[in-house]
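The following exercises concern a protein model. Please examine the sequence and the structure before reading the solutions.

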Amino acid sequence: QVQLVESGGGLVQPGGSLRLSCAASGSFVSINAMGWYRQAPGKQRELVATISSDRSTNYADSAKGRFTISRDNTKNTVWLQMNSLKPEDTAVYYCNANLRISWFNRKVDDYWGQGTQVTVSS
């Protein structure tokens, strides 16, 4: 079994900061890309930021300049540092990891965390 456990969500005022963490555990060979996605009520899930195994990053336009994604391959952990938060950032944030789960083939699968609520409100 593979599990992604998220933490760090909560309530924050506009302009504030929040740091999300996601740790992968279980049986897998390696982690490829990791990322953060979010979904607001009534909206489709959207990409926030991704980071590859070599630490190259990709950000949604709405996140550029405010959010920073990072990872520690030795800890199987990815973080999302969110600064200058806006009410429109309010959503459930989901951790994603693309994993190679078998040593005997090249199959990879996407796994998702349970989601953590981020609310930006005064």
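This is a predicted model: local features need pLDDT of at least 70, side-chain atom pairs count only at pLDDT 80 or more; totals for chains, interfaces and linings use all residues.

**Exercise 1.** Decide whether Cys22, Cys95 and Trp103 are buried or exposed.

*Solution.* Step 1: a residue counts as buried under 20% relative accessible area and as exposed over 50%. Step 2: Cys22 has a value of 1%, so Cys22 is buried. Step 3: Cys95 has 0% and is therefore also buried. Step 4: Trp103 reaches 65%, so Trp103 is exposed. Step 5: Trp103 is located in the loop between E9 and strand E10 (108-112). Step 6: together with Val29 and Phe104, Trp103 forms a nonpolar surface patch with about 430 Å² of accessible area.

**Exercise 2.** Characterise the largest nonpolar core.

*Solution.* Step 1: this core has 29 residues. Step 2: Trp36, Leu80, Met82 and Tyr93 have the most contacts inside it. Step 3: the elements that give two or more residues to the core include strand E1 (2-7), strand E4 (30-39) and strand E8 (77-82). Step 4: the largest share, five residues, comes from E9. Step 5: leaving aside residues up to four places away in sequence, Met82 touches several residues, among them Leu18, Leu20, Phe67, Tyr93 and Val118.

Conventions:
Residues are numbered from 1 along each chain as its sequence is written. Side-chain values use heavy atoms; hydrogens and water are left out. A nonpolar core is a set of buried Ala, Val, Leu, Ile, Met, Phe, Trp, Tyr and Cys residues joined through side-chain atoms within 4.5 Å. Buried means under 20% relative accessible area, exposed over 50%, partly exposed in between (1.4 Å probe, protein chains only). Helices (H or I, at least four residues) and strands (E, at least two) are DSSP runs, numbered from the N terminus. Contact means heavy atoms within 4.5 Å. Patches are made of residues with over 30% relative accessible area and no salt bridge: like charges are joined within 9 Å, nonpolar side chains (Val, Leu, Ile, Met, Phe, Trp, Tyr) within 5 Å. Accessible areas come from the Shrake-Rupley method with a 1.4 Å probe; for residues, only the protein chains shown count as cover. A salt bridge is a side-chain nitrogen of Lys or Arg within 4 Å of a carboxyl oxygen of Asp or Glu.
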